[in-house]
Each structure stands twice: as C-alpha cells, then as structure tokens.
Amino acid sequence: MNTAFLGMPSFPRNAEKALRDSQLRFNLRKATHTIRARRGAVVAELADWPELRAAGRAIKDDVLCNLDRYLLQAEEAVTRAGGKVHWASDAAEADRIVTDLVKATGETRVMKVKSMATQEIGLNEALEREGVTAYETDLAELIVQLGDDWPSHILVPAIHRNRSEIREIFLEHMAQWGRPAPDDLADDPRTLAEAARLHLRERFLSTNVGISGANFLIAETGTLVVLESEGNGRMCLTLPRTLISVVGIEKILPTWRDLEVFLQLLPRSSTGERMNPYTSMWTGATEGQEFHLVLLDNGRTTVLADEIGRQALRCIRCSACLNVCPVYERVGGHAYGSVYPGPIGAILTPQLRGMASELDASLPYASSLCGACYDVCPVAIDIPEVLVHMRSKAPHAPAERFGLGAAGWVLDRPVRLRGAQRVAGRLRGLVPKSHLPGPGAAWTATRDVPDVPAESFRDWWRRTQKGDERVGRPDHSESSEEVGGELA
Amino acid sequence: MSSREAILARIRSAVAGAPAVEVSRGYRPVRSEPGSADLFAERVRDYRAVVRAVPESEVAAAVAAALAERGVRRLVVPEELPGGWLDAVPAEVEPLRDEPPLTAAELDRADGVVTGCAVAIAETGTIVLDAGPGQGRRALTLVPDYHLCVVRADQIVPGVPEAVARLDPARPMTWISGPSATSDIELNRVEGVHGPRTLEVVIAL
C-alpha cells in the first residue's frame with residue numbers, strides 16, 4: 001500500500017478540517033453536480049440499463065468465483081501473443097518488478113497513463129528511489145503531480161482544484177518538469193488544456209517506456225482495454241518501445257463479448273458520455289513493442305475471502321458513487337486518506353489495508369447509509385450493506401461494546417425494557433441536560449440528550465385507557481406487549 | 001512458492017464453496033439491421049466533430065474540400081487507402097506514406113491524416129480503427145493534429161454489441177468518439193488535448 005497516507009488522523013478529524021475549506025466545498029459541489037446531471041441524461045437513454053447492470057454484476061461475480069481459472073487463461077493468451085506476464089503478491093513486489101523492467105531498458109524516464117493500481121502501490125515513489133522519473137500525462141494527474149498534491153477523485157484526481165488554482169500551479173511548477181507555461185497563461189479550461197498539450201508534446205514523442213493500468217483484461221483473448229479521453233493514454237500505449245501494464249487481478253472479463261456490456265456501462269457511469277473519446281485495445285506485444293503485464297494482488301485475495309465484502313471487487317472504478325455521495329461532496333477525497341476515496345473507498349480501503357489504523361477503522365463510518373451510491377453503481381455493489389458489515393468488524397471501544405451489550409440485554413425481553421423504562425423515569429432528574437459524562441461525551445458532542453419521559457407510553461396507556469372499548473384494541477393489548485417494545 | 005502459485009492458492013481457498021453464477025443477458029441483443037447513418041452523424045456532431053454525408057461518388061470531392069478548408073499540405077496516407085478517395089486532392093498536397101515507417105517527429109510535422117475505419121457505431125457516434133486496410137498503425141491517427149475519417153454507410157452498426165461482434169480482438173484497436181477531450185478542469189468538457197484536436201468524418205452513403 002502507498003505509505004503516503006500512513007499515520008493520517010481518522011476520517012472525522014480529516015472531514016472537520018475539509019469542511020472548513022469553503023473553496024473546496026464550492027469546487028466539489030459544482031463538479032459533482034455537473035457530472036451527476038450528465039450521467040443521469042445518458043443513462044436514461046438506454047432502456048435496457050437495468051438489464052445491462054444486472055449482467056455487469058453477474059459477469060463480475062462469475063469472474064470472482066473462477067478467478068484462478070480466468071487468470072491462467074489470460075496469462076496463456078497474453079504469453080501466446082508475445083507478452084510477458086508477471087505476478088505480484090503485494091505492492092513491494094509489483095514495484096520491484098516494474099522498477100527492474102524499467103532499469104533493464106536503460107531508461108531513466110517513463111511516462112504514465114493515469115492508473116489507480118500504480119497509485120495504490122506507490123509506483124512513482126518507488127521509481128524515484130531508483131533514479132527513474134515517472135511523468136504523469138493525464139491532465140488531472142499532471143495538476144496533482146505539479147502541485148505536489150494528492151489525488152482526491154478516482155476519475156478526476158484534481159477535482160478539488162478550480163481553474164484559477166490550476167493556472168497558478170501551471171505557472172509556478174511546469175518549468176521544473178519540462179516546458180514552462182506561457183507567462184500570459186489565462187485560466188479558461190481551453191487555454192489550460194493547450195498549455196498541458198504543449199508541455200507534454202515533446203515528452204510523448206521521445207519517451208521510450210510507457211506504464212499503464214487497464215480497465216479490463218479479457219481472459220479468453222488476453223486483450224487489454226484502456227478507456228481515456230485526452231489521447232495521453234494512446235500516446236503512452238502506442239509510441240514507447242516498451243509498455244508495462246500493472247493490472248489488479250479483479251480486472252478480468254471472461255470473454256471478448258463481455259465488452260458489449262462494460263463499454264456501455266462504464267463511459268456512461270463515469271464521464272457521463274455515450275462513449276469516452278478514446279479506447280485502446282491490444283493483445284500481447286503489438287506493432288513491434290515489448291509488452292509486460294504485471295498482475296497485482298496486494299490484498300485483493302483477502303477481500304475475496306469475505307463473502308459480503310468481496311462484491312467491492314466488482315468495482316470498475318467509474319466513480320459514479322463519489323459523484324452522488326453527500327459525504328464526499330462536502331469533504332472531498334483527501335479525508336479518506338487513500339487513493340480510493342468516496343463510498344467505494346470506504347469499503348475497499350479498510351478491506352485492502354485492514355482496520356488496524358485509526359483512519360482505516362473510521363472509514364466504514366464515513367457514510368450516512370443513504371444508499372445513493374448503490375443506486376448508481378453500474379455493477380450493483382451494495383455499498384451500504386458492506387459498510388454495515390465492515391462496521392461490525394471494526395474495533396469498538398470497551399465502553400461502546402458494554403453499552404451495546406447492555407442495550408441488547410434490555411431490549412431482548414419486554415419485561416426488562418419495562419423495568420428499565422420505569423427506573424429511567426424515576427431517575428430522569430439526574431440525567432444531564434446537554435452533555436453526558438465519560439464515554440457518553442462523544443455521543444453528545446453533536447447531539448442533545450433526549451428528554452427522558454416521566455412514564456412510558458405503555459404505562460400511560462395502561463393508566464388512562466385500560467378497558468376503554470372506543471380506543472385501541474383492548475383484546476390484544478396484552479398479547480401485543482409480548483411482541484416487543486416498539487410502542488413503548 | 002512463487003507469487004503466482006501463492007496468489008492462485010489464496011484465490012482457491014477464498015472462493016472455495018462459492019456457488020456458481022449464472023450470467024443472464026437480458027439486455028437488448030445484437031440487431032441485424034444496419035445502423036442509421038443519420039443517427040451516427042448526429043451523435044458524432046454531438047462531440048463537436050465535423051460531419052459531411054455525401055453519396056459514394058462524391059467522396060473524393062468531399063475529401064478534397066475538407067483538406068483544402070483545413071489547409072493540409074502534408075498528408076499522412078496509410079497503406080491500401082481506397083484509391084478513389086484522394087483523386088480530387090490537388091498535386092501540391094504531399095502524401096506521406098508509412099513505408100518505411102514514419103518517425104514520431106515526422107508524424108508530428110504532418111498536417112493531418114486520412115483513413116477509413118473498420119466499424120462505426122450509430123448510437124454512440126464511435127469510429128473503430130483496427131489497423132486494417134486504409135487505417136494504418138495506431139500512431140498515424142494519433143500524432144497528427146487533424147484526422148479525416150471516411151466511413152462507408154455499410155460499416156455503421158446500431159450499437160456497441162453489434163460492433164463488438166464484428167471486431168477481431170487479436171487486432172490492435174482504437175475506438176474514437178470525437179476529437180480528444182478532457183473534463184479534468186471543473187468537469188467542463190474541452191475538446192482538443194493530446195490526440196487530434198480536430199476530427200472530421202465523411203460518410204459515404
């Protein structure tokens with residue numbers, strides 16, 4: 001795992017800080033609302049969206065159930081087509097494989113297509129340690145790299161930056177990485193995109209090693225698929241003599257035909273387009289290139305072993321769940337302390353990294369469980385279900401465990417609840433009005449203590465209405481009490 | 001144990017006993033009718049690409065007109081481009097053949113490239129190149145700033161499933177939907193980044 005996020009405070013503390021940044025909130029709101037509307041419009045165009053979504057989900061579930069078989073099939077197909085396949089158990093091994101491959105070429109510069117997998121393994125930093133400079137070429141990644149910043153969104157890593165901030169970053173930092181930005185740089189998106197084009201042009205034409213991830217790996221044919229918009233992906237995939245692709249083992253699709261589903265689901269969910277501008281597909285060593293495929297586990301097989309949690313591996317990294325999430329919209333991606341932010345990050349990160357750190361243990365709580373993420377997910381990952389599941393697995397403080405245990409005991413029998421309510425009613429004068437003491441303080445930090453009533457509804461009913469035929473259901477009043485305390 | 005064996009072993013133990021999954025494909029199946037040239041033109045225009053739809057006999061004139069408007073002087077011409085397409089192009093336009101292969105720098109100095117395609121998708125306004133005749137290797141349509149693509153009406157299919165069914169995964173492919181673009185700045189779509197900033201399509205009806 002990328003060590004950059006180690007030691008970050010918990011999500012609530014990160015969120016508190018982010019919420020004070022009104023510029024960030026404004027940028028995020030504008031961007032997420034724009035893309036939400038676009039996604040909604042193009043998804044509505046397809047009458048068979050629910051069926052596509054169901055098929056996408058089932059295809060991915062089949063992949064997960066038979067992953068060993070599909071990986072071997074893919075390995076054979078890629079090898080047959082002249083590619084070399086490497087297997088990496090963890091980030092360190094993947095970094096070492098890629099670094100060795102790059103060093104074998106004798107090059108000290110590589111260019112990269114935006115890739116979540118290589119961010120996850122901290123590849124740029126690993127290359128840097130070995131004296132290799134990795135140049136990010138996606139516009140948003142470039143903004144992040146130039147600004148020495150962290151990505152905050154899966155699709156648009158610089159979503160937290162607005163145009164004038166981007167202009168400042170270009171003016172200040174482009175010169176250190178290559179061709180400087182023009183002094184009279186304006187801040188309209190067209191001019192900024194043009195500045196990126198000029199800055200990277202020579203790099204594209206002269207760099208001999210490209211590094212990418214992939215959106216899909218077709219087991220049957222060994223074909224790799226990369227979706228992108230700008231053409232930087234095509235540059236990195238096509239022009240270098242050596243191409244190295246780092247691909248998570250869950251990126252498999254069984255058959256070529258399966259692309260008919262995913263090439264409809266992904267662009268519409270992610271950029272809200274009918275189709276993204278460029279999709280590259282290649283099989284093995286292509287057009288004279290040397291091709292290496294690095295298959296990455298890095299915690300994925302641990303996720304796979306969790307029957308409820310494994311659905312997170314269906315994710316195709318579209319980021320639709322980020323764009324609709326009320327929590328993400330307000331706090332942004334950095335608070336999640338992972339390359340995978342937002343709702344999917346809240347279930348993926350603690351599964352990939354474990355919940356030993358304060359941050360990772362807090363991520364399953366970074367949600368109101370509203371379910372908007374599940375609704376838009378093109379492969380129907382029930383994110384709220386996994387969040388609740390992860391909460392049950394997260395470490396809990398002794399006071400919380402004791403409190404919940406006591407509540408469980410009381411609520412288990414109507415007679416216990418009735419007794420507890422009567423005791424609480426008598427002692428109500430002793431309950432503090434605003435802040436609870438001890439472990440309860442955390443709960444009342446953001447809530448008022450509710451008034452404890454003098455008597456429960458049931459006691460009041462029994463006292464005032466007993467035997468009155470016109471109200472209620474006296475015949476059932478005793479038996480309904482047996483069912484539970486929901487009226488009390 | 002190698003990492004390969006370790007990963008495979010972990011997978012097998014993780015999913016042991018998981019029930020088999022039935023994949024039901026209830027979505028719209030592959031259609032046999034041709035794709036609509038009108039819808040294709042409309043969808044390509046949505047990406048702010050220029051589209052000219054002309055009868056087959058007028059393709060050469062449309063290509064010449066497009067190149068003249070753009071002011072193309074050095075034109076990359078892939079192998080096996082249907083001969084007639086360049087018949088009306090004036091002699092001062094210099095054709096750059098990819099034999100021997102053009103270097104990236106040479107491609108960068110070209111004013112544009114003209115190609116055919118393998119398949120086109122009406123619903124999404126997509127052109128698919130598969131390095132077949134008249135398309136060339138992938139870099140030819142990437143480095144020059146202007147791409148003129150001739151699409152025959154019979155190459156247009158209705159949607160994505162029909163295109164996938166027609167294509168051969170063993171070939172290197174580029175699916176192109178409009179000029180290069182980015183939404184990375186405030187999620188506003190801007191056309192023209194690293195790939196060709198101008199895409200022009202001639203539909204031969």
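Which helix of chain B lies across E1 and strand E12 (198-204) of chain B? The legends below begin with the sheet and that helix. The model is predicted: local features need pLDDT of at least 70 and side-chain atom pairs count only at pLDDT 80 or more, while totals for chains, interfaces and linings use all residues. Residues are numbered from 1 along each chain as its sequence is written, and chains are lettered from A and ligands numbered from 1 in the order in which they are written.

View 1. Helix H2 (residues 37-46) of chain B lies across E1 and E12 and runs at about 160° to E1(B). Axes are lines fitted to C-alpha atoms, for helices over the stretch in contact, with angles from 0 to 180 degrees between N-to-C directions; contact requires C-beta atoms, placed from the backbone, within 7 Å. Helices (H or I, at least four residues) and strands (E, at least two) are DSSP runs, numbered from the N terminus. The open sheet has 6 strands in the order E1-E12-E7-E4-E2-E3 (chain B), with parallel pairing. Its edge strands, E1 (50-54) and E3 (94-97), each pair on one side only. Neighbouring strands of this sheet are turned by 25° against each other on average, direction ignored.

**View 2. Pairing of E2 and E4 in chain B.** Strands E2 (residues 74-77) and E4 (residues 112-115) of chain B run parallel and are joined by 2 bridges; pairing requires that DSSP finds at least two bridges between the strands. B:Leu75 has B:Gly112 in E4(B) as its bridge partner.

View 3. B:Ala163 is located in helix H5 (residues 160-166) of chain B. This residue is buried (20 or more other C-beta atoms within 10 Å of its own, with C-beta atoms placed from the backbone), because 27 other C-beta atoms lie within 10 Å of B:Ala163. Leaving aside neighbours within four places in sequence, B:Ala163 is in contact with B:Val119, B:Ile121, B:Val128 and B:Val157. B:Ile127 is 36 residues from B:Ala163 in sequence and 9.8 Å from it in space, C-alpha to C-alpha.

**View 4. The contact between chains A and B.** The contact takes 72 residues from chain A and 58 residues from chain B. On the side of chain B that touches chain A, H1(B) gives the most, with 10 residues. Elements giving two or more residues to this side include helix H4 (104-109) and strand E10 (181-185) of chain B.

**View 5. Strand pairing between the chains.** Strand E9 (residues 278-283) of chain A and E9(B) run antiparallel, joined by 4 bridges. A:Met281 stands opposite B:Met173 in E9(B).

Note on methods
Two residues are in contact if their C-beta atoms, placed from the backbone, lie within 7 Å. A residue is buried if 20 or more other C-beta atoms lie within 10 Å of its own, exposed if 12 or fewer, and partly exposed in between; C-beta atoms are placed from the backbone.
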